[in-house]
Amino acid sequence: MLRRPIPIFIQLLAGMFLIAALAIALTNGLNYRMTSQMVLNRTAGYTQESVEQLSAKIDVLLRQYDQASQMIAFDEKVQRVLKEEPPLPGTENAQELNRYLAEKIRYIAGDILLHLFDREGRAYSSNESLQLIWRQADDVSAVSWYSKMGALDGHMLWVYGPAWRDGEIPAIIGGRKLKDPNRLTVLGDEFVVIPVDKITRIIGETSQRIERKVQVMDSIGNIVYSTVPREIGTAADVRLFTKFNGNAPPFFEWNTREDQKRVLVAYAKSFYSGWTTIAYFKPEAVYSDTSQMWAHVLLTMGIGILIALALVAYFTWTLTKPIRQLADGMNRIRKEGIQTIRRPFASREITRLYANYNAMVRELEEVVGRLSEQQISAQRAQLVALKAQFRPHFLYNSLNLIYWTIEDERPEKAQEMTLALSELLRYSVHPSTDLVTLGEDLAQLNRYLLLQRARYGEKFKVQIEVEEGLERQRVIRLVLQPLVENAFHHGLERLAEGEWRIRVRIYLDNEQVLCSVEDSGVGMPLRELQALEHAIHGERGFEKQGRGIGLSNLHKQLQAFFGPGHGLRLSQSPLGGLQVVLSLPLQAVPDGGIAVTAKKGGDGAA
């Protein structure tokens with residue numbers, strides 16, 4: 001069952017609306033994507049800057065305590081006590097050193113602890129209220145990070161560690177090996193204990209534009225500080241710790257260890273302490289502004305698509321209306337008789353097409369009226385009937401080409417084809433004799449090839465060879481075009497693959513002019529070919545449906561003009577398709593004859 005063809009208005013409307021909708025959607029989508037990326041980059045920039053500022057402030061604090069503790073460690077009195085045989089803890093000299101340390105550290109900060117162990121493991125402390133959780137030297141030497149102090153050659157190692165102040169509290173511990181500045185021998189250990197509250201105050205002073213979680217991670221992977229208090233003192237995510245020690249970019253996406261939620265991470269690593277300051281924030285916080293912008297984008301897209309639909313519908317209706325009216329006029333020729341179409345059009349090409357159509361209709365009407373009045377012979381009446389059948393068929397095929405070109409959305413080509421079609425119609429309804437020169441009919445063929453080239457591009461090749469002098473041979477109008485048209489529609493267009501070739505040869509043979517048209521199309525089996533030729537030569541061949549109707553009409557016209565001895569023959573072409581050969585009598589020309597010399601050929605214009 002054949003599918004009902006879709007109206008060209010619906011096809012154009014759907015195609016043009018789809019293009020407009022895609023263009024609007026892509027434009028708005030790209031703008032939204034670019035804006036979102038700009039927002040993300042800007043957020044990443046100021047977040048990274050904020051994290052670096054936090055890291056720098058923490059470093060300033062730690063350096064301050066580092067320098068102060070180093071000055072105390074190299075103090076002459078402290079060095080003398082550590083070098084000499086120290087008294088027992090609790091003696092007058094030990095208490096004096098404790099008081100001395102407390103006095104020195106008070107100038108720096110009153111809420112930190114300076115704790116010393118000498119070579120014998122005796123302890124000296126600047127603060128009684130804040131103490132190390134490890135009271136004995138052996139206890140602290142068993143801690144995992146203690147061994148790293150020796151590798152730092154007197155530099156401070158900063159780590160997280162618990163302290164004691166009316167109970168266990170989170171603290172920052174800085175530890176170094178104390179050395180004799182002259183002999184560089186180890187005199188003991190020095191520890192600085194700072195409550196985590198110090199960092200809390202620093203981070204609280206830093207402004208922030210979006211909600212975020214901040215962590216500070218020490219060099220061994222423990223969380224020194226977090227805006228989530230329960231995380232302080234716990235081990236950091238091993239994967240994240242490893243990533244920071246690798247080549248991680250300063251801003252990246254990450255899935256949290258606890259709930260596997262997607263977050264954005266910005267971090268800064270300190271070269272002094274080896275600590276990593278990290279800021280986590282949700283993507284929703286970054287894209288909160290862009291979400292509102294996306295709603296505006298969707299609204300803009302909806303309004304734009306509605307406007308595009310209205311404009312596309314209007315212009316599509318305007319473009320297809322003349323073609324629909326012309327098609328309706330063609331249908332009325334068959335049903336209601338010959339009638340002209342009078343409509344005003346803004347398009348110059350459509351106006352010319354309608355003018356030629358009306359001229360053709362009037363010409364047909366005049367011819368039919370004149371023949372009826374004069375009661376010409378049966379042979380001429382048959383010819384008029386054949387032409388009345390042929391010309392609408394030719395116009396239908398040409399309009400079909402324009403239809404496909406418009407469907408392929410090539411308006412410039414459609415305009416060029418419309419102009420070519422108007423010239424074809426002018427040629428077909430020219431109010432002169434039905435006989436024209438072969439050169440004029442070749443020009444008509446080239447116009448048709450131009451239409452086909454507009455549709456198929458360079459897909460086909462045409463070779464035209466005309467024996468010199470035969471251009472002035474008298475033939476009936478439109479003798480070549482139907483043969484080439486059949487080669488396209490019934491031969492080449494059915495070819496699944498391979499090159500499309502058409503060869504037109506016009507030459508003299510035994511006082512007859514032969515016009516041969518061959519194609520490289522699908523061809524026909526020999527039995528079907530013979531049956532088709534028999535039908536064309538039959539008395540009622542022109543009434544049959546299918547491929548033979550155009551060839552049958554042409555065969556009848558040739559016989560009507562030139563007698564039963566002329567017409568067309570069918571055979572299989574060496575090119576692989578079908579070969580049609582027309583035989584015409586050699587006609588005298590006004591200048592006295594036809595010179596038969598060398599051949600000339602070339603590709604048909606298109």
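How many of the eight residues of strand 18 (residues 578-585) are buried? Eight of the eight are, so strand 18 is largely enclosed by the rest of the structure. The model is a predicted one.

**Strand 18 and its partners**
- Leu578, Val580, Leu582 and Leu584 point one way from strand 18, while Gln579, Val581, Ser583 and Pro585 point the other way, and all are buried.
- Strand 16 (residues 512-519) runs antiparallel to strand 18 and is joined to it by seven bridges; Gln512 has Pro585 of strand 18 as its bridge partner.
- Strand 17 (residues 567-572) also pairs with strand 18 in the antiparallel sense, over six bridges, and Ser571 stands opposite Gln579.
- Strand 17 and strand 18 form a hairpin with five residues between them, and Gly576 in the turn has a positive phi of about 115°.

- Six strands form an open sheet in the order 2-1-6-5-4-3, with antiparallel pairing.
- Strand 2 (123-125) and strand 3 (131-132) stand at the edges with a single partner strand each, so one side of each is left without a neighbour in the sheet.
- Two bridges join strand 3 to the antiparallel strand 4 (residues 157-164), with Gln131 opposite Trp164.
- Helix 2 (residues 76-83) packs on this sheet, touching strand 1 (113-118), strand 2, strand 5 (168-179) and strand 6 (186-195), and its direction makes about 125° with that of strand 6.

**Helix 14**
- Helix 14 (residues 481-492) has twelve residues and reaches 15 Å from its first C-alpha to its last, close to the 16 Å expected at 1.5 Å a residue.
- Twelve of the twelve residues of helix 14 are buried, among them Glu485, His489 and His490.

**Salt bridges**
- The structure holds twelve salt bridges.
- One of these joins the side chains of Asp66 and Arg176 at 2.2 Å, N to O; Asp66 lies in helix 1 (residues 8-73) and Arg176 in strand 5, so the pair ties together parts that are 110 residues apart in sequence.
- Asp66 counts as buried at 10% relative accessibility, and Arg176 is buried at 3%.
- Asp189 forms a salt bridge with Lys177, with the closest N and O atoms 3.1 Å apart; Asp189 lies in strand 6 and Lys177 in strand 5, so parts twelve residues apart in sequence are tied together.
- Asp189 is buried, with a relative accessible area of 7%, and Lys177 counts as buried at 19%.
- Glu253 and Arg262 meet in a salt bridge of 2.5 Å, N to O; Glu253 is partly exposed at 47%, and Arg262 is partly exposed at 39%.
- Salt bridges that share partners join Asp66, Arg176 and Glu190 into one network.

Notes: Residues numbered from 1 in each chain as written. Predicted model: local features only at pLDDT ≥ 70, side-chain atom pairs only at ≥ 80, totals over all residues. Heavy atoms only, no water. Pairing = 2+ DSSP bridges. Helix = DSSP H or I, 4+ residues; strand = E, 2+ residues; numbered from the N terminus. Contact = heavy atoms within 4.5 Å. Axes fitted to C-alpha atoms, helices over the stretch in contact; angles between N-to-C directions. Expected span 1.5 Å × (residues − 1). Buried < 20%, exposed > 50% of the residue type's maximum accessible area, 1.4 Å probe, protein only. Salt bridge = Lys/Arg side-chain N within 4 Å of Asp/Glu carboxyl O.
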